[in-house]
Amino acid sequence: MTDPAPVPDQEAPQPAFRARHALLKRLADVVSLPGSRVNAFERAVTGDLLVEMLRLAAPRERQRVAARLAPLAELPNSLARMLLRDEPAIAGLLLEQCASLTDADLVACARDTGAEHRFLMAGRRGLTEVVTETLIGFGEQGVLECLLRNTTARLSQSGVEAIVGLSRQMPLLCGHLLRRPELRPSGAYVMFWWAPAEDRKTILQRFAVSREVMQEVVEDVFAMAAEEGWQDPVSRKALQFIERRQRNRAAIDKSPYDSLEHAVTVAAREGLNREVAAEIAYLAGIKPLTGAKIMGDVGGEPLAILCKATGMSRIDLQNLWRSVRRPETTPDGRVHPDWDRVQVTFEMLAVDRAQTVLRYWNWSLSSALSPDLLRAIREGDELALDDYSTPERAAMMALAENFGR
């Protein structure tokens, strides 16, 4: 066996027993023999004997054996189990190189060891969804970053949703997650609420999709639903998401304001109170809860999305910005970075794409809410996520802070 980089011995120095060193090498060689030379039972018995010797061996000796066995396509289970639970420098030789490890081996190792082992495992090639879900479950930022950088690892949708939730407390995960092909618009839209400014821009560029194809294929369905008096809540809700019109025309007849722009102008002049904010939301075709989330956002980009989706102008955006008392300039007279970023967001988005984002937020933040979901949000019942739909899970993650969690 060639000697790998040595592991410092943690115990007192031991005598250099030549016979032990030779025996460990020979037994490891037997385990490494091809199936034509040694049958499975002989390999297993040899592995058991090697395990008993390694229990009393020095770390440097265990590392030599691990380096010898790591390339094997077949490894006795008892030997793999022991070495995987050894020091990270020893276990890492198998975690990084050994192709014979099964998902069961890796999952057990992740559960029985510590963060260093899981970090090494996160960089292993070809991780399956079973293993990555286990690693994600520990919620360790370094492990998650390594896993997201591992382009050969496969992530399940439940695993992606779990990382989206964790990214609220670990914003550095957002950028890594945005580079994963498994991320879907539903996850990106909810992550938008806490993502850093650059990641928000990426979300809008990549996930603010058009609804043009959906609009074309269901064009005649609008007439069918109208003939039925819009009595079916299922089709009505879906068609409201797809339709081209954003503003609520019916709300104008009941509103004290002449238009959405009028309400925004009044808010800029007199300040934004709860009643005016709710009226702006109704006129814009969204629920007051969605409107409150948009107007209370620290970054301000959702205001640009609201204005573009409803067909308002840059002047209206400026009025809305003033209504929430956000600065337009810095003390030295330059354009405030937040205001500049919001204007760029407004200019970069097409109306249809802005509507997609706005409607998904409205769908998930308000229409999807139910008494059971509200209770789950308040109690932090994330273990029950599988019981809820995609927009309901999005609402659970996006509104957790608003409900005191």
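View 1. Glu 301 is buried, at 3% relative accessible area (buried means under 20%, exposed over 50%, partly exposed in between; 1.4 Å probe, protein chains only). The model is predicted: local features need pLDDT of at least 70 and side-chain atom pairs pLDDT 80 or more, while totals for chains, interfaces and linings use all residues. Residues are numbered from 1 along each chain as its sequence is written, and side-chain values use heavy atoms, without hydrogens and water. Glu 301 belongs to helix 21 (residues 301-309); helices (H or I, at least four residues) are DSSP runs numbered from the N terminus. Beyond neighbours within four places in sequence, the contacts of Glu 301 include Phe 192, Arg 200 and Thr 345 (contact: heavy atoms within 4.5 Å).

**View 2. Salt bridge between Arg 211 and Asp 352.** The closest N and O atoms of Arg 211 and Asp 352 are 2.9 Å apart (salt bridge: a side-chain nitrogen of Lys or Arg within 4 Å of a carboxyl oxygen of Asp or Glu). Arg 211 lies in the loop between helix 13 (197-207) and helix 14, and Asp 352 in helix 24 (residues 351-367), so the pair ties together parts 141 residues apart in sequence. Both Arg 211 and Asp 352 are buried. Elsewhere, salt bridges with shared partners join Arg 200, Asp 297, Glu 301, Arg 326, Asp 338 and Arg 341 into one network.

**View 3. Salt bridge between Arg 62 and Glu 87.** The side chains of Arg 62 and Glu 87 meet at 3.8 Å, N to O. Arg 62 is buried, with 11% relative accessible area, whereas Glu 87 is partly exposed, with 22%.

Technical notes. Helix = DSSP H or I, 4+ residues; strand = E, 2+ residues; numbered from the N terminus.
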